[in-house]
Amino acid sequence: MPQNAQQIVVEFCKAWGDGAIARPDVNKIIGMFAEDGVWQLWVPAGPVFKGRAALRSEIERQCEFSSFMHCGITRIVSSGQSVVTERVDHFTMRGIRVEHALMAIYEIDEDGKIAAWREYFDTADIGKQLGMAPEAVIGG
């Protein structure tokens with residue numbers, strides 16, 4: 001019997017790290033997705049990654065320029081297999097410790113895997129902290 005949807009999302013967020021380790025366990029993260037899982041990096045304009053190979057490629061790419069990640073869940077609510085988190089995340093990029101607020105929606109399938117993950121955040125806020133244009137943030 002799979003864990004409940006909220007437990008799955010909490011474990012998923014923990015897999016990204018506690019802020020003390022340089023790199024998350026990418027294999028664990030990818031294993032939590034459905035084979036055809038989808039991640040929309042930010043809504044509405046962000047890129048969409050579908051399938052474990054594309055997800056792995058994007059996460060590995062981000063690990064090249066972001067480290068010491070921590071997903072800080074401040075609120076979590078769910079209805080059935082849908083989970084919403086309010087978070088304050090932290091990561092290090094270009095030697096700068098970044099803090100950013102975001103919302104994320106997760107859809108968990110019948111096997112307890114993440115079928116969809118959509119994030120809502122302000123790239124301008126991250127860009128301001130890094131001294132970058134908002135559209136350059138995701139490029140690293």
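Helices (H or I, at least four residues) and strands (E, at least two) are DSSP runs, numbered from the N terminus. What you have loaded is a predicted model, in which local features need pLDDT of at least 70 and side-chain atom pairs count only at pLDDT 80 or more, while totals for chains, interfaces and linings use all residues. Residues are numbered from 1 along each chain as its sequence is written, and side-chain values use heavy atoms, with hydrogens and water left out.

**Stop 1: the whole chain**

Start with a cartoon view of the protein chain, which has 4 helices and 7 strands. Read from the N terminus, the order is α-α-β-β-α-β-β-β-β-β-α. The radius of gyration is 14 Å, close to the 14 Å that the globule rule gives for 140 residues, so the chain is as compact as a globular protein of that length. Here the radius is taken over C-alpha atoms, and the rule is 2.2 Å times the number of residues to the power 0.38. The C-alpha trace spans about 45 × 30 × 30 Å along its principal axes.

Now colour by accessibility: 43% of the 140 residues are buried. Buried means under 20% relative accessible area, exposed over 50%, and partly exposed in between (1.4 Å probe, protein chains only).

**Stop 2**

Zoom in on Phe12 and show its contacts (heavy atoms within 4.5 Å). Not counting residues up to four places away in sequence, Phe12 touches Ile29, Met32, Phe33, Tyr106, Ile114 and Trp117.

**Stop 3: His100**

Next, select His100 in strand E6. Is His100 buried or exposed? At 7% relative accessibility, His100 counts as buried. Beyond its neighbours within four places in sequence, His100 is in contact with Arg87, Val88, Asp89, Phe91, Phe121, Asp125 and Ile126.

**Stop 4: Arg23**

Move to the loop between H1 and H2, where you will find Arg23. Arg23 is partly exposed, with a relative accessible area of 42%. With neighbours within four places in sequence set aside, Arg23 contacts Glu60 and Cys63.

**Stop 5: backbone details**

Select Val43 and Pro44, whose connecting peptide bond is cis, with omega near 10°. Pro44 sits in the loop between E1 and strand E2 (48–50).

Then pick Phe68, in strand E3 (residues 66–70). Phe68 has a positive phi of about 50° although it is not a glycine, and is partly exposed at 30% relative accessible area.

Finish at Arg94, in the loop between E5 and E6. Arg94 has a positive phi of about 55°, again without being a glycine, and is exposed, with a relative accessible area of 54%.
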